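The report that follows goes through one chain, from its overall build to a few individual residues. Please keep the sequence and the coordinates at hand while reading.

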Amino acid sequence: GGTIGYMYVLGQQYNQIAGFKVDDYTGNLTQIYTAPYSSNGSVPVYAVVKTGGRYVYVINQGVGGSANGPGSGQSIALYSVGGDGSLTFQESYQSQGYVSEWAQMDSTGTYLYVLDKYAPSFVNSTGKYNGPNTDGNGAITAFTADATTGRLSLVTNAQTQVNGLNTPFWEVGGSPIMSKAQGGCLYTLNTAYSNGLQTVTPFTVGAGGQLVFTTTGNITISQTTPGVATNITSINGGGAYMFLTDAASNVIYGYSSSGSCNLTALNGGTTPNQSGTSSPSYSMVDSTGKYLYV
């Protein structure tokens with residue numbers, strides 16, 4: 001058969017990106033002859049394909065990063081996609097927080113949101129944010145992705161100022177590990193505990209890519225099993241629904257996502273994982289919105 005698409009797989013040991021052609025008849029994978037490619041950073045953790053398929057962004061977490069600063073090799077690497085699926089490196093960018101974890105694009109493919117485990121702290125009146133994190137919260141850095149070149153431009157937070165300067169990030173809950181863009185909403189899954197429970201930070205995506213913290217505040221995830229602390233490992237969904245996997249209680253939580261970006265627990269929405277399984281780590285809804293894979 002012919003080639004219906006391309007798949008890219010990140011390899012952290014050698015900081016590489018593997019590339020494969022997807023056969024339209026069998027689904028078989030064949031390595032692109034120019035692959036693998038350098039991730040142009042250290043510890044690649046996530047990749048985002050821009051709407052239209054012409055550009056790929058690779059999130060490099062970096063080595064040695066902490067609440068005190070970014071690690072070596074932390075970057076956002078931009079690649080153009082050739083007609084044969086080959087990747088050509090274009091440029092690198094920096095998120096404003098430390099220890100990059102995840103990234104999402106909005107529904108239009110115009111804005112890229114990079115999630116970092118630790119938010120920076122303001123250090124002086126020049127607007128530099130390179131001091132140690134003081135509250136344990138994470139951060140989202142927003143970029144505009146050029147429709148023609150894919151190049152990124154930093155979006156500053158119009159709602160928050162320090163010393164008269166707009167902050168170049170949005171703060172989220174403590175130790176976030178994953179984000180999910182759905183409709184006009186963006187959610188982050190936070191692993192730090194608030195009163196013994198984990199939280200989700202909800203934003204609405206406004207004009208110019210601005211993130212607006214909803215009036216609901218951080219959403220607390222209730223325990224299913226009394227006395228067993230939650231261990232929420234992923235947030236994913238499709239259409240009007242969102243699902244969380246809890247590795248501690250081996251269940252899947254179901255929510256409806258409203259226009260205000262609030263999450264409302266579905267009636268009977270807590271579902272035990274399949275018998276004989278344990279510790280669900282990730283979930284995914286298919287493109288039709290009908291099936292959930294755990």
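A residue is called buried here when its relative accessible area is under 20%, exposed when it is over 50%, and partly exposed in between. By that criterion, 46% of the 294 residues of the chain count as buried. The model is a predicted one, and every value below is computed from it.

## Overall build

The secondary structure of the chain consists of 27 strands and zero helices. The radius of gyration is 19 Å, close to the 19 Å that the globule rule gives for 294 residues, so the chain is as compact as a globular protein of that length. Along its principal axes, the C-alpha trace extends over about 55 × 55 × 35 Å.

Among the contacts in the chain with a separation of 6 or more, 46% are between residues 24 or more positions apart. The chain exposes about 13400 Å², and carbon and sulfur atoms supply 49% of that area.

## The salt bridge

How many salt bridges does a search of the whole structure find? The search finds one, and it is formed by Arg151 and Glu91, whose closest N and O atoms are 3.5 Å apart. The pair links distant parts of the chain, 60 residues apart: Arg151 belongs to the loop between strand S11 (137-145) and strand S12 (152-155), while Glu91 is in strand S8 (residues 87-93). Side chains of opposite charge can pair when their charged atoms come close.

Both partners fall in the intermediate class of accessibility, since Arg151 is partly exposed at 44% relative accessibility and Glu91 is partly exposed with a relative accessible area of 28%.

The side chain of Ser80 makes a polar contact of 3.0 Å with the side chain of Gln90.

## A loop residue and its surroundings

Thr110 lies in the loop between strand S9 (98-105) and strand S10 (111-118), and with a relative accessible area of 27% it is partly exposed. Apart from neighbours within four places in sequence, Thr110 is in contact with Met105, Phe143, Thr144 and Ala145. The C-alpha atoms of Thr110 and Gly150 are separated by 9.2 Å, although these residues are 40 residues apart along the chain.

## Backbone geometry

Most residues other than glycine have a negative phi, and most peptide bonds are trans. Against that background, the peptide bond from Ala35 to Pro36 is cis, with omega near 5°. Pro36 is placed in the loop between strand S3 (29-31) and strand S4 (37-38).

Asn40 lies in the loop between S4 and strand S5 (44-49), where it is partly exposed at 30% relative accessibility. Ser279 likewise has a positive phi, near 50°; this residue is found in the loop between strand S25 (271-272) and S26 and is partly exposed, with a relative accessible area of 47%.

## A nonpolar surface patch

Which residues form a nonpolar patch on the surface? Tyr282, Met284, Tyr291 and Tyr293 do, and together they have about 460 Å² of accessible area. One of these residues, Met284, lies in strand S26 (residues 284-285) and is partly exposed, with a relative accessible area of 48%.

Note on methods: Residues numbered from 1 in each chain as written. Predicted model: local features only at pLDDT ≥ 70, side-chain atom pairs only at ≥ 80, totals over all residues. Heavy atoms only, no water. Patch = residues over 30% accessible without salt bridge, like charges linked within 9 Å, V, L, I, M, F, W, Y side chains within 5 Å. Areas by Shrake-Rupley, 256 points an atom, 1.4 Å probe, with all protein chains shown as cover. Salt bridge = Lys/Arg side-chain N within 4 Å of Asp/Glu carboxyl O. Helix = DSSP H or I, 4+ residues; strand = E, 2+ residues; numbered from the N terminus. Buried < 20%, exposed > 50% of the residue type's maximum accessible area, 1.4 Å probe, protein only. Contact = heavy atoms within 4.5 Å. Polar contact = N/O pair within 3.5 Å; in protein donor to acceptor, adjacent residues only side chain to side chain. Rg over C-alpha atoms; globule rule 2.2 N^0.38 Å.
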